[in-house]
Amino acid sequence: MILEARHIDKYFLEPEKRQVLKNISLVIPDGELVAIHGESGSGKSTLLYILSTLDTDFQGDLKIKDQNIKTLGASALTDFRNKHIGFVYQFHYLLPEFNVLQNVMLPAMKLSKKAKEEIIEDALGLLDEMGMREYAKRPAYQLSGGQQQRVAIARALINNPSLIIADEPTGNLDQKNSHLIFNLLKEITENKGKTVVIATHNSTMYRNSHKTIEMIDGSIRP
Amino acid sequence: MSTHVFNKTNIFIALQYLSARKKQSCLAAIGVLLGVTTFIVMINFMTGVNDFLDDAVFNGSPDIIISTKTKKQRDNKGLIISSVLENSNEIDKVLIENENVHSFAHQILTPAILISDRKQFPASINGVFSEKEKEMINLERRLVEGKGFQSISQENTILLGISLAKRLQVSVGDQIKMILPNGNNTNLKVSGIFSFGITTIDNVRTYISATTLQGLLNQKNGITNIHVKLKDRDDVSLKSTLVEEVNGIGVEDWKDSNKTIVIGNKVRDILTWSVSFALLLVAGFGIYNILTITVIQKRKDIAVLKTIGYSSNDIVFIFLVQAMIIGLIGALLGCVLGYSISYMISITSLDTSDFIIVETYPINFKMFYYILGFSFGILTTIFAGYFPSKKASRVDPVTIIRGI
Ligand SMILES: Nc1ncnc2c1ncn2[C@@H]1O[C@H](COP(=O)(O)OP(=O)(O)O)[C@@H](O)[C@H]1O
Ligand SMILES: [Mg+2]
C-alpha cells in the first residue's frame, strides 16, 4: 500500500465552521490509476490537497510509503513531497519565466541528487515520452493548454516519485487533449509502475481507471 | 537533499526573475547607485573640508590660550600694548601638575607696523621661544620658503605669513622694518614664509624671537600669553581648573576660538548623513516596491515552487538574493561613480576665497568611506528586501492553487 488514510476529517472555519470531509478512510495500492469522482463541491480537491501533503490541517491519520505524515515538520514535509509526490494541477501551472526544459528540471534541481547534465537528460527523456521534446527550449507561456499539461506531467515525474496526484488534470482541455492526457497518466501506471490518483468528473475517464472512489458531500460512497 | 538555501538552483531562479524584469531591476539598482554615490561624494567632500579646516585652524592655534583678563593697557606714552601676564609662575605650576597637558609655551604678542621698500602693513607679532613653540605648531609643514622656528633663535629675523609677505612684496632674505606701539623700531631679515591656508592667519601673523621682542618692548621676561597643547583635546577641564586657581586670567579653548568652524563641521556632518540617508531610504523604497509587486504577481509561481519541493527558506532566499543583486550592483557602481566624481572635484581648481587659500577643493579619499557607503547600500537592500521576501515565503500553496 503506497497510501493509507484513516478517519480523515476536515473542517473549514471560514465563513462559518463546516465539515467538508467526513471520516474518510481509503487505501491505495501500488501501481494503480485511481479516480476520485463526484459532484463539484463534494470535497475532491480538499481530499487531494491532504493526500498530497500540501494541507496538513486535518484530523485523522495519513501514511504515505509507510511514513506518518503528521510526524514530519514543515521542511521535512517539503523534502518528502519533493522526493515522493508529483502534483499536476487543473490549470497546468508552468513558470512563465522559464523555458519548458527548465520547468521540468526545477524539482530535480531542488533535489540536487544528480548532476545537471543528468537532469537535462532525464528531462529531455520525459519530454520525449510526452511528445514535447521539440518544445524544450520554448518559453512555457507559448504552449497550448494541452501541451502545457504534458509538460506539467513531465515535471511531476522528474524526481521519479512513487505517487502522482492530479486534480482535474483535463478539466480545462478539449476532448481530444483530455483523452491524450488520460492515456499518458494511465501509461505511467502501467509502464512505470507508479500510482496515480486523479480527481475528475469525466465519466469516460473514471470508467477506464483501475479503481474508482465516489465522493458524496464529503463522504466516500460505500 | 540540499539543506543550504545558498545554492546554485536558488540563485538561478532569482536571476531568472530579475532578468524577466530588467527595467524595474535596473531602476531599483540606479536608486541604490544614487544613494551610495551621493553618500561617498558628500562624505569625501564634507570631511575633506572639515579635515582641511581642522588641520589649518586647530594646528595653527593652540588648544588653550591663557592671557590676562584686562586685554589692553596703556603704557606711559599712552600707546596701547597687550598687557603682561603677572602670574605666569603660578600658571606654569598648574600646567606642570596637570595630567592632560602635553606641552605649553610662553609668548609675547603685540601689534606692529611692518614696512618694506614699497609697502607698509599692520601685523601681529608673535614673540616665541622657538624650542617650545615647535611643540605647539608644526611650522615645517607650513613653510613655503626659507626656514622655520630654528631661524628666529638668531636675533633680527622674522617669519611672515604668505599673504602678508605678498602684500609687502618681500621674499626670504629681504629686509623689513618693524615699528612697535611704543615707538621702538628695528630692522628684521625675512628668514621664512609660511602658509596655514587661512587668510585671517596668513594676512597678519609673524613670528620673531621672544627675547628680541621683550627687549624692544622693555618687558624683560614679560609674556602676554601661554599656549597649551593638550593630550586629549576634547577634555578641556583644564580651563576651569585654571580659572579657579589663578586670579585675573582669561582662558580660551579651541572651541571658543573656532566657534564658527566647529559649528560648520557639525552642519556639514549632519548634511552628509541626512541627505545620504534620505536617498538610501528612497532607494530602499524602490526595492521594497519592486519586490512587493513581484511577490504579489508571482503568488502562483511561489505556490508551485512550494508544491514541487522548495521550502519557505528557499523562497525567502530566492527573493532576498534578487534584492541583494540589485543592491550589490547599485552599491558597486555607486562606489565607482562616487570615486570618479570625487576625483573630478579634487582636480577642479578653486579661486582663492577671502577665507581659505587652496588650489583645489579638499577631498578625502579614505577607503573606509567606500566600505561604509557600500555597506549602507547593501544593508538598505537587505532591509528593504526582507519584508517582501518573508511575505513570499508565507504564501499558502493550497489557497493559491484552489484559486488558480
Ligand atoms: N478555503 C475554503 N474555505 C471554506 N470553504 C471551502 C474552502 N475551500 C473549499 N471550500 C468548500 O469545501 C467544499 C469542497 O470543496 P472542494 O474540495 O473544492 O470540492 P470539489 O473539488 O469536489 O469541487 C465546497 O463546498 C467548498 O465550497
Ligand atoms: Mg475541485
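Tutor: Let's start with classes: Ala, Val, Leu, Ile, Met, Phe, Trp, Tyr, Cys and Pro count as nonpolar, Asp, Glu, Lys and Arg as charged, and the others, Gly among them, as polar. This is a predicted model, where local features need pLDDT of at least 70, side-chain atom pairs count only at pLDDT 80 or more, and totals for chains, interfaces and linings use all residues. Residues are numbered from 1 along each chain as its sequence is written, while chains are lettered from A and ligands numbered from 1 in the order in which they are written.

Student: How do the residues of the shell around ligand 1 divide by class?

Tutor: There are two nonpolar, seven polar and three charged residues. Among them are Phe12(A), Ser40(A), Gly41(A) and Lys44(A).

Student: What makes a residue part of that shell?

Tutor: A residue is near a molecule or strand if its C-beta atom, placed from the backbone, lies within 6 Å of it. The shell includes Thr46(A) from one chain and Arg402(B) from the other, and ligand 1 lies between chains A and B.

Student: Which helix of chain A gives the most to the shell?

Tutor: That's helix 1 of chain A, with three residues. Helices (H or I, at least four residues) and strands (E, at least two) are DSSP runs, numbered from the N terminus.

Student: What makes two residues a contact, and how many does each chain bring to the one between A and B?

Tutor: Their C-beta atoms, placed from the backbone, must lie within 7 Å. Chain A brings 23 residues and chain B 20. Helix 2 of chain A gives the most to chain A's side, six residues. By class, that side has 13 nonpolar, five polar and five charged residues.

Student: And how is chain A built?

Tutor: Chain A has seven helices and 10 strands. Its radius of gyration (over C-alpha atoms) is 17 Å, close to the 17 Å from the globule rule (2.2 Å times the number of residues to the power 0.38) for 222 residues, so chain A is as compact as a globular protein of that length.

Student: What does the rule give for chain B?

Tutor: A compact globule of 404 residues would come out near 22 Å, but chain B has 32 Å. Its C-alpha trace spans about 105 × 50 × 35 Å along the principal axes.

Student: What makes a residue buried?

Tutor: It needs 20 or more other C-beta atoms within 10 Å of its own, with C-beta atoms placed from the backbone; 12 or fewer is exposed, and in between is partly exposed. Buried residues make up 47% of chain A's 222 residues and 42% of chain B's 404.
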